[in-house]
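Please read them beside the coordinates.

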Amino acid sequence: MRDLKSDVYFFTARTYNHQESLSKVKGPLALEKIGFSSKVKSGEKVVIKTHFGALENVRYLRPSYIRFLCDHIKDLGGTPYVAESCGWGVPEEVSGAHTEYSGRATEEEYLEIAKIHGFTTDTMGAEILMLDGSVGTNIIKHSIAGKRFSEVLVAGRLKEFDHMVLATHFKGHAGAGFGGAIKNLGIGCVSKGGKAQAHVGKKFEFDFNAPISDYEVCLKICPTKALSVGLDGKLKRDEEKCRYCYMCKSVCKNNVIDTGSSTQQEFIVQMVDNAAGVVDYYGSDKIYYLNYVVDVTWQCDCTGGSDVPFVSDIGILSSKDPVAIDQCAVDLIHLSLMNPHSILGNIENLSKDKTTDWLSYIPRFDAITHELDLNPNGKESKHWETQLKAAEEIGLGSRDYNLIEVIVESKKKD
Ligand code: SF4
């Protein structure tokens, strides 16, 4: 059942001149519309959570969007920080392979990509950090009454900050249907282990009786020294020391560790549970949501793929409600025309004379087959809706909203 309507402010991407700048003018103004300046007190720490993009990705948010938010926070007397969190898996120097998703496993590794992509202390005028610490083991276990989880591994450094601005690049996502504010909470603000659990669930079982002799790899990778070999020659795990980074699982070639798997639907609901855990832990009153609905590709920033955006740039949305802001972004995308130059514009099994069918979903590609995720009628997918429904049902926000367009007029238009 739908709840009360939430306000969502909309600033068009159309700009006539620099006085209507999307980065310098509309970004900070979007924050103001949701009451940010009245809440930030002098000397308070404000963390901006964004995504620095996978190494080969070119559609992540431009650094200047974030830089002007940092400047704005300073103007208010606060101290800005720019944050991400460690990706799932192990560093490339351990895995020996560069993949679609790798290069973001630790702070050291990810900050190299951040530097290449223009996010540095110098360019931001702010410290750059990983919310879950240097290797993803800084966690806070927070209990919730989720649909699938009763405990969420919140990124531990969140507690250091008085406010959080969730500056999200809104785009598609192969597993979740789309990546917006909810995903930035449920994947971006949990620890490395929290990301793994969203994807595969909570199962984390060691087969301590497995006849394995080469424990060296997992013993060495464990950052908390939670693993050891007992006098009986069997692997042991200290529950107290374990921080659920899943790095041992990532290097295990002997099937000693069983983390199970999840369906696509389960993944989405688990991600939403994580998001609810983050908000419940941190406090909804301290979170400010900005969705930059620009460079909207069907791929997420976490992959090296960066197709041509499938719709034109729409603008910036701001809200205090993560569900309303994502629903609004989806709706505005659905009202847009498909860009024929994007890969989606060339999918042969989508009827070209029924264009509206193309616009009825945020496209999702199956991660394994790379086929479009279509309903049996071959025309549309409602995959994205799972995320919004689950988020509303768990009380994260409302899918009903008041769309309030804010017109930024430049002084001179000739
Ligand atoms: S036992 Fe595994 S999951 Fe736990 S801290 Fe060590 S490497 Fe991480």
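1. M247 is buried, because 28 other C-beta atoms lie within 10 Å. Buried means 20 or more other C-beta atoms within 10 Å of a residue's own, exposed 12 or fewer, and partly exposed in between, with C-beta atoms placed from the backbone. M247 sits in helix α10 (residues 247–251). Helices (H or I, at least four residues) and strands (E, at least two) are DSSP runs, numbered from the N terminus.

2. The model is predicted: local features need pLDDT of at least 70, side-chain atom pairs count only at pLDDT 80 or more, and totals for chains, interfaces and linings use all residues. Residues are numbered from 1 along each chain as its sequence is written.

3. What does M247 contact, leaving aside its neighbours within four places in sequence? The partners are V90, I221, C222 and P223. Contact means that the C-beta atoms of two residues, placed from the backbone, lie within 7 Å. M247 and V135 are 9.6 Å apart in space, C-alpha to C-alpha, and 112 residues apart in sequence.

4. Around the ligand there are 13 residues, of which C222, A226, C242, C245 and C248 come nearest. A residue is near a molecule if its C-beta atom, placed from the backbone, lies within 6 Å of it. By class, this shell has 10 nonpolar, one polar and two charged residues. Ala, Val, Leu, Ile, Met, Phe, Trp, Tyr, Cys and Pro count as nonpolar; Asp, Glu, Lys and Arg as charged; the others, Gly among them, as polar.

5. Helix α1 (residues 22–33) packs with helix α3 (residues 63–75) at about 55°, their axes 9 Å apart. Axes are lines fitted to C-alpha atoms over the stretch in contact, and angles run from 0 to 180 degrees between N-to-C directions. The two helices are therefore oblique to each other. Oblique covers what is left after under 35 degrees (roughly parallel), over 145 (roughly antiparallel) and 65 to 115 (roughly perpendicular).

6. From α1, the contact uses S23, K24, G27, P28 and L31; from α3, S64, Y65, F68, L69 and H72. By class, that contact has five nonpolar, four polar and one charged residues.

7. Within α1, L22, S23, K26, G27, P28, A30 and L31 are buried. Their cover includes α3, α2 (36–39) and strands such as β1 (6–12) and β7 (163–169). Just after α1, G35 takes a positive phi of about 80°.

8. Overall, the protein chain has 14 helices and 16 strands. Of its 414 residues, 49% are buried.
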